[in-house]
Every structure is written in structure tokens, then in C-alpha cells.
Amino acid sequence: MPSSQPITRHAFLHGAIASLPLSLAVAPWGLLAGSMAIEANLSPWQGQGLSAIVFAGAAQLVAIGMLKGGASLLSILLTTLLLTSQHLLYGLSMRPLLSGQPLRWRLGLGFLLTDEFFALTSHYDQQQFNRWYALGVGLTFYVAWNLFTLAGIVLGQNIPHLDRLGLDFSIVATFVALIAPTVRNVPTLVCVLVSLFSSVLFTYWHWETALIAAGLLGMGAGFVCQKLAGARA
Amino acid sequence: MIWLLILGMGLLVFLNRYAFLEPRLPLRLSSNARQFLGFAVPGMLTAICGPIIFLPEHQLDLSLTNPYLLGSVVAVALVLLTRSVLLSMLVSMLIFFLLRSWLA
């Protein structure tokens, strides 16, 4: 339908503009992902490949860290699976909006389904949801992530110890800003505190599985609290 | 080996993202499983942040002058007060880098 093209272009641009602030805020993290890949002796193509193919910041950074520490392929893949399991929930939540789309849209938007994408597109209902808007959001974020990774790779090759500048704080700043508003009840607070304490303790003990173990322990603690509170009510 | 890892990671992440978008998938997550997974975002994201905040450069730092800790406290306060994710990210990053240069 040629008559619908200006509308789709408008929706795409609207999505691209909506995703600009988060796309810019991801800069330090992208720089870190690129420079840390170089620091861990990955080739520039491999560093870029991580961002282009995996497209999951936390998993990329943890995988690079584990590679540096000499972790096995299997343990890195297992960590990746667990670390990105929140995407299962995003998928579940967006199922009413996306499962009715044609296959190529499901595959494309599924690939672009990041924390940020979810935040900007999930609140629409079936009537309001526009797949071109969603594509604009997702692609802009994808391009930004890959450009900042490229910048990190170039800078990482020329400026040694870019990883000592504290760029990793941008992960903390982003995640804290995403986590804190979700702590609205006791079980979630317990989950966060248990996860925080055990992640520091297990990492201090040099457990290879520190992050998974701590995350699952926190999730389990939150879940048990919720069950206990439910049983009491 | 590295490329195998990258492709494997890409496949796993994509499967996580796509799994529930597949219309032919019969939904059989028990309510307990869903409640447990409901804690995935705070649980996993916190576990990623913990060591970055308290073990900078792989050294345990529990002092109150740890810029990562101070920056995180600022970020929590800002996002709870302003409800703006972007503002609290940007301001807490700025404060972190200032603190880091003062306290270094």
C-alpha cells in the first residue's frame, strides 16, 4: 500500500527519536564493551561481532571478563543463558503485541528486544502498537550500540587501560535506575539485598559461578518471601 | 573458539528473546515459575552491579569514600525522587566521575 508509506516512515522516525536519549546514555558502556574486548585480546572483528551478533551489553561484558579469567566455553554460555533470562519475561509480556506479526517481524523485533526496547515499546496496547515505531526504537539503539563499540575498539587500541577509567559505573548507574523503581515491596527488597550481598561475597571468594549463584539465590529469596507473605495473608 | 562462543551466545540470547514471541509455543509456565522469573530483573541486574560497586579493580572496598558506592546511592536517591531514569543516570555518572577525581 503506497499510501501508507508516509505514515510508516513517520512512525519509524518517531521511534528513532524516542530512543535517542537511551542510545546516547549507553555510550560509556559501549565504549567499555569495545575496549574491554581489545583488552581481553579479542580481535577488533571479534569485539565488533559480539555487539553485532549478541547485542546484550551485560552478557558481553561478563563474557569478556570470564574469558580474561580463563573460564570454559560452557560456563560462559551457561552464564549468558541465565544472565539474559529476563528477556524471556520481556518476550512473554510482549507476546500479545508480537506473536500475531508475520515471521520476519517477529524475528527482527525479537532480535532487537533489549531492556531499553522493552521500556519504550511494551506499554502500548494492541491498537496503539506500531511495528514501525518499534523498529525505529530497536534499530536506533542497535546502531548506537555498535557505533559506540566501534569507538571503544578504536580507542582501546590507542589508549591503554581505558577499563580503569571507571566507565563500568555507567552499567551501575543504568541498572540502579532500572532496579530501584521496581523495589516496591518486601520480597523484591529481600531479593535485591540477598543478591547484592551474595554477589559480592561469591566474587570475593573467586567463584566462577558467582553471578548466577547470587542472582538465583536472590530470586529464590524473593520468591520464598512472596510465598510466605501470601500464605500469611 | 572465540567465534564459536560469539555465535553460541548470540543464539542463546536470541532464543531467550524470541521464545515467547513464537505463536506455536504452547504456554505452560506454572504460576510458581512465573513468580520466580518475576524476580529475574532485580535479582540478576543487582548481582551484576554488586561486584562492580564493592570490588573495584578486584579489591574489596567497603569504605564510605568508595566512589562507586556513593555514586550508586546518588543514583538510587535521584531515580526515586525524580522517576527519571535518564536524568538519574546522567547526574549520577557526572557525580561519580567528579568524586573519583577528588577521592583518587
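1. Helices (H or I, at least four residues) and strands (E, at least two) are DSSP runs, numbered from the N terminus. On that basis chain A has 13 helices and zero strands, and its elements, read from the N terminus, run α-α-α-α-α-α-α-α-α-α-α-α-α. Chain B comes to five helices and zero strands, in the order α-α-α-α-α.

2. The model is predicted: local features need pLDDT of at least 70, side-chain atom pairs count only at pLDDT 80 or more, and totals for chains, interfaces and linings use all residues. Residues are numbered from 1 along each chain as its sequence is written, while chains are lettered from A and ligands numbered from 1 in the order in which they are written.

3. On confidence, the model scores ipTM 0.83 and pTM 0.74. For chain B the mean pLDDT (the predictor's confidence in each residue, from 0 to 100) is 87, and 97% of its residues reach 70 or more. Among the elements of chain B, the highest mean pLDDT belongs to H1(B), at 95, and the lowest to H2(B), at 77.

4. The overall dimensions of chain A deserve a remark. The C-alpha trace of chain A spans about 65 × 60 × 30 Å along its principal axes. Of its 233 residues, 49% count as buried, that is, with 20 or more other C-beta atoms within 10 Å of their own, C-beta atoms being placed from the backbone.

5. Chain B also has a radius of gyration of 19 Å, but a compact globule of 104 residues would have one near 13 Å. The principal axes of its C-alpha trace give spans of about 55 × 40 × 25 Å, and 43% of its 104 residues count as buried.

6. Contacts (C-beta atoms, placed from the backbone, within 7 Å) may be sorted by sequence separation. In chain A, 74% of the contacts between residues at least 6 apart in sequence join residues at least 24 apart. In chain B, residues 24 or more positions apart account for 30% of the contacts with a separation of 6 or more.

7. An automatic or database domain assignment divides chain A into domain 1 (2–181) and domain 2 (183–233). The C-alpha centres of these domains of chain A lie 25 Å apart. Their contact takes eight residues from domain 1 of chain A and six residues from domain 2 of chain A. Helix H6 (residues 73–83) of chain A supplies four residues, the largest share of the side of domain 1 that touches domain 2.

8. The contact between the chains takes 71 residues from chain A and 58 residues from chain B. Helices H1 (2–18), H2 (31–37), H3 (40–54), H4 (67–82) and H5 (85–103) of chain B each supply at least two residues of the side that touches chain A. The largest share of that side, 15 residues, comes from H3(B).

9. The unreviewed UniProt entry places the feature "transmembrane region" at residues 35–56 and 68–99 of chain B; such annotations may be inferred rather than shown by experiment, and positions follow the numbering used here, with feature names shortened. Residues 35–56 of chain B are 82% helix and 0% strand, with end C-alpha atoms 33 Å apart. Residues 68–99 of chain B are 94% helix and 0% strand, with end C-alpha atoms 9 Å apart.

Methods: Contact = placed C-beta atoms within 7 Å. Rg over C-alpha atoms; globule rule 2.2 N^0.38 Å. Buried ≥ 20, exposed ≤ 12 C-beta atoms within 10 Å, placed from the backbone.
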